[in-house]
Amino acid sequence: MHFKGDVEITGNVQDEMVVEALGSIMILQNVNRAKIRAQQSIFIQQNVIGGTVTSGENKMLVTQLISLLQQIRHSLERMIVAIQQLMVMSKIREQDIYPLTKRLLESKFQTMMEAMKKYKMMCEQKREQIGEQWFDIGSQLDGCLLADRPNHFHCLAGMANLLRELNTFIGQYDREENDAIELSYALNSVIHGSGDVVVTGKGCYNCNIYAGGTLTVHGVLRGGEAYAQKGMKIKEVGSSLGIKTVLAVPKGETIYIEHAWEGTVVQFGKKTYTFYEEKKHVEMKWDDERQEIVFG
């Protein structure tokens, strides 16, 4: 079933059915082994069993690209500060900034290089879905970070101008509203949304979850993997049997868990922490200075 605007379904969506809408979708009962896809929000009043629920698919790509640019921006800000400090302490001249940038990228800012490579790869893979402006900002970053010879970016003024361009570009998309997915319970399902994902009932079991915004689970998250671009708050993760459950966020975000069981794995960027014992009221985040996951 395909709808040009919003749609409300009062009954169940059953096996192998596909519901697509350019607007929002509201389902008042269950989704059983069916696919639900909307360009805006999705609200499922009851359960999702063996289903696939996707909202804001095009916005999800933008969210992922902006996240990479935000990582690059954060690292670029830190690099500029490091260069300024070295210029004061070591009397480094403007003409030395290019080799200094190279050394910093190879030593302290490898994660920025990884984000750059991922950004370029995603742009190439999704070329038909994105505009030239994404390649333009990528080319400017290339000119500063990946150049094989010095250019106008390799001075403090050039780097400051690039940072302003990056801030302006990100700001255009930061203001965009993302769409939400809200449901009561999910089992063996895929739930991918460009915005917030909220589970209001008893929880999610063996699900793959992606939230372009925040992930909030008022019940249990047991088994499977969950990623949230803007942090997550979970009432209970894992089980007393040690079922592996993976929670992942970017390094700048926070994970709060009221009750974490043994076997829960938390990931910030590529760094992981595994719970080997039960813990309660846990807040975790990434510490840039210590380069490790810390408890708040």
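In this predicted model, helices α2 and α3 are roughly perpendicular to each other, because angles of 65 to 115 degrees count as such. Helix α2 covers residues 97-107, and its axis lies 5 Å from that of α3, at an angle of about 90°. From α2, the residues in this contact are Leu105, Glu106 and Ser107, while α3 brings Gln110, Met112 and Met113. By class, the contact of α2 with α3 holds three nonpolar, two polar and one charged residue.

Helix α3 also packs against α4, here at an angle of about 150° and with the axes 11 Å apart. The crossing of α3 and α4 is left-handed. On the α3 side, the residues that meet α4 are Met112, Met113, Met116, Tyr119, Lys120, Cys123 and Glu124. Their partners in α4 are Trp134, Phe135, Ile137, Gly138, Leu141, Asp142 and Leu145. Sorted by class, the residues of the contact of α3 with α4 are 10 nonpolar, one polar and three charged.

Helix α4, residues 132-145, has a further partner in α1, and the two axes come within 13 Å and cross at roughly 25°. Angles under 35 degrees count as roughly parallel, so α1 and α4 are described in that way. This crossing is left-handed. In the contact, α1 uses Val62, Leu65, Ile66, Leu69 and Ile72, and α4 uses Trp134, Ile137, Leu141 and Leu145. The contact of α1 with α4 consists of nine nonpolar residues, with no polar and no charged ones.

| Helix pair | Angle | Distance between axes |
|---|---|---|
| α2 and α3 | about 90° | 5 Å |
| α3 and α4 | about 150° | 11 Å |
| α1 and α4 | roughly 25° | within 13 Å |

Helices α1 and α3 also take part in a pocket. The second largest pocket has a volume of about 160 Å³. Its lining is made of Glu57, Met60, Leu61, Gln64, Met122, Gln125, Lys126 and Gln129. Both α1 (57-90) and α3 (110-125) supply at least two residues of this lining. Which helix gives the most to the lining of the second largest pocket? That helix is α1, with four residues. By class, the lining of this pocket has three nonpolar, three polar and two charged residues.

Notes. Residues numbered from 1 in each chain as written. Predicted model: local features only at pLDDT ≥ 70, side-chain atom pairs only at ≥ 80, totals over all residues. Heavy atoms only, no water. 1 Å grid on protein atoms, 1.4 Å probe; cavity = no way out; pocket = protein on both sides within 12 Å on 5 of 7 lines; lining within 4 Å. Points joined across faces, edges and corners; volume = space filled by probe spheres on them. Nonpolar A, V, L, I, M, F, W, Y, C, P; charged D, E, K, R; others polar. Axes fitted to C-alpha atoms, helices over the stretch in contact; angles between N-to-C directions. Parallel < 35°, antiparallel > 145°, perpendicular 65-115°, else oblique. Left-handed = near helix turned anticlockwise from the far one by under 90°. Contact = heavy atoms within 4.5 Å.
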